[in-house]
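Please walk through this structure one part at a time, keeping the sequence and the 3D view side by side as you read.

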Amino acid sequence: MITKRIIPCLDVRDGRVVKGINFEGLRDVDSPVALADYYSRCGADELVFYDITASSDGRRIFTEILKETAKKVFIPLTVGGGISTVGDFDRVLKSGADKVSVNSGAIRNPKLIPEAARIYGNQCVVLSVDVKRVGNEFRVFAKGGREDTGIEALSWIKNGVESGAGEIVLNSIDTDGVKQGFDLEMLEAVTEIVDVPVIASGGAGSIADFITLFKTLPKVDAGLAASIFHFGEVKISDLKEEMKRAGIPVRILD
Amino acid sequence: MTAIVDYGVGNLFSLISSFSALGIPAEAVCDPAMIRSADRLILPGVGAFEDAAKKLRESGLSEVLKEEAAKGKPILGICLGMQLLFEKSFEYGEHEGLGLIPGKVTAMRNRVPDSLKIPAMGWNALHFVKESPLFRYVKENDCVYFVHSYSAVDCASDTIAVVEYGEEITAAVGRGNVYGCQFHPEKSGTVGLSILRAFSEL
C-alpha cells in the first residue's frame with residue numbers, strides 16, 4: 001500500500017530558509033541545501049520549497065539553490081512561490097523540481113492550471129490553497145494569507161482539480177502556527193469533494209497531531225509542516241516510528 | 001559509459017544527477033552512434049505512451065534500441081520507459097511498444113478499487129517474486145517512489161518485483177539483459193540509487 005507522506009516545507013528567501021509564524025515575523029533557520037539533505041536522510045518522503053523572494057535577483061538565487069539541492073537529494077521535490085506562467089514551470093522543472101505548486105498565480109490566471117497540466121501532466125501540477133473561515137464559509141486568501149479574495153474555497157479546489165491539478169495542498173490559516181493540530185474539519189470537507197491526493201498543512205505541533213490526522217481522515221495522503229521540523233520539536237524518524245506503531249502505512253529508513 | 005536516451009520526453013536532470021552522485025559516468029544522448037557505443041542504456045520517460053512511442057519511432061531510436069537489446073547490451077526502462085519495453089499499451093487507444101518484453105500496459109483504474117487514488121503517487125514497498133541482480137543491494141519491503149496510472153500485465157514470467165495497490169502491481173521486470181522499473185529510482189532515495197548502481201555493474 002502507498003505510505004502516508006511526511007513533508008517538511010522550506011520557505012526560502014535570499015538563499016536562506018525562513019519560517020513565519022502566521023506568515024509574519026520571519027526567522028532564519030538554515031541553508032536550504034543542508035536542511036534538505038538532512039531531512040532526506042531522516043526519512044522525509046518529499047520536500048516542498050517555497051520561493052518567497054520578491055526580486056528577480058532573489059529568483060535567480062532560488063533557482064540555483066534548487067539545482068544544488070536536486071543534485072544531492074533524491075526524493076521528490078515540489079516547488080512553489082512566484083509561479084505565474086508556464087515559463088515558471090519550465091524554469092523550476094529544468095532545475096530539478098518534480099512537481100510545481102501554484103497558488104496566487106492560479107487566481108490571477110485561470111488558464112495556468114489547464115495549460116501546465118496539458119504540457120507537463122496533471123501529476124506535475126499541485127494546487128496550493130490558503131484557506132480561512134470567513135462567516136460560515138471557507139474562503140481563499142492570497143498574498144501569503146493577507147488578502148481575502150472573496151472566492152469560496154471548496155468550489156475553487158473542485159474547479160482546480162477539474163481543470164488539471166493533480167494534488168492539493170490545503171493550508172489552513174486558522175490553524176497555521178497555532179500548533180494545536182491540523183484543521184480536520186476543513187480537510188475533511190476537501191477530501192469529500194476531490195479524488196486527487198490531499199496534503200494537510202498548518203497546525204501540526206506534535207507527533208500526536210499527525211497520528212490524529214491520519215487516523216481520523218484516512219483520505220488525507222500527507223502531512224506538511226515547517227517550524228516544528230526546523231526547530232527539532234518533532235523529529236521525522238520519531239514521528240514515523242510512532243506512525244508505524246499506530247498502524248499507519250509509513251516508509252521507515254534503516 | 002551509461003547513455004541516458006534523450007528522445008525529448010521528460011526531464012533528465014535527476015537521472016543525470018543520480019549517476020553523478022554515484023560517481024558513475026553517464027550522459028544524456030540522442031545520437032544513435034553514441035547509443036551504440038555506450039556500455040548500457042537507460043530509457044527514461046514521462047507523459048503519454050503514444051507520443052513517446054511515436055518520438056522513438058520517428059527518430060529511428062526504436063530500431064537502434066531493439067538492435068542493441070538483441071546484442072545483449074543492458075537496458076533499463078524507467079516509468080514510461082519501462083512501459084515502452086512491452087508489446088502494447090492501451091493508454092488512449094492501442095499503441096505498439098518496442099516488444100522487448102512480452103506483455104501489455106493497461107489502466108489501473110479498471111483494476112483497482114474506486115477508493116484508491118489514480119495516479120498512484122507515493123512510496124510503496126517492494127516484494128520480490130524472483131531473484132534479480134538489479135536488486136542485489138535492496139531488501140524486501142524497501143520503499144520506492146511511484147507516479148503512474150497504467151501498469152504492465154500478462155508479464156508474470158518476467159516480473160521480478162511487485163507492489164500492493166488494491167492488487168499486485170508490476171513494479172519491475174527483467175528478461176535477459178532488458179530491465180524495467182515502474183518506479184523512479186532517481187527519486188527513491190538511497191534505495192533507488194543502489195538500484196542504479198546495481199544496473200551499472202551488470
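In helix 6 of chain A, the residues Ala153(A), Ile157(A), Gly160(A) and Val161(A) are buried, where buried means that 20 or more other C-beta atoms lie within 10 Å of the residue's own, exposed means 12 or fewer, partly exposed is in between, and C-beta atoms are placed from the backbone. Around the axis these residues cover an arc of only 95 degrees, which puts them on the same side of helix 6 of chain A; the arc is that of the directions from the helix axis to the C-beta atoms. An α-helix has 3.6 residues a turn, so residues three or four places apart point the same way. Just after helix 6 of chain A, Gly164(A) takes a positive phi of about 130 degrees.

This is a predicted model, in which local features need pLDDT of at least 70 and side-chain atom pairs count only at pLDDT 80 or more, while totals for chains, interfaces and linings use all residues. Residues are numbered from 1 along each chain as its sequence is written, and chains are lettered from A and ligands numbered from 1 in the order in which they are written. Helices (H or I, at least four residues) and strands (E, at least two) are DSSP runs, numbered from the N terminus.

Helix 7 of chain A, residues 184-193, has Met186(A), Leu187(A) and Val190(A) as its buried residues. Seen down the helix axis, they fall within an arc of 95 degrees, so they line one face of helix 7 of chain A. The face turned away from this buried side carries the exposed residues Glu185(A) and Glu192(A). The buried residues of helix 7 pack against strand 7, strand 8, helix 6, strand 10 and strand 11 of chain A.

Turning to the two chains together, 25 residues of chain B are in contact with 24 residues of chain A, two residues being in contact if their C-beta atoms, placed from the backbone, lie within 7 Å. The elements that give two or more residues to the chain B side include helix 1, strand 8 and helix 6 of chain B.

The contact is made by Ala70(A), Lys71(A) and Lys72(A) of helix 2 of chain A and by Phe13(B), Ser14(B), Ser17(B) and Ala21(B) of helix 1 of chain B.

Within chain B, eight strands form an open sheet in the order 2-1-3-4-14-13-12-9, with mixed pairing, and two strands pair if DSSP finds at least two bridges between them. Strand 14 of chain B pairs in the parallel sense with strand 4 of chain B over four bridges, whereas four bridges join it to strand 13 of chain B in an antiparallel run.
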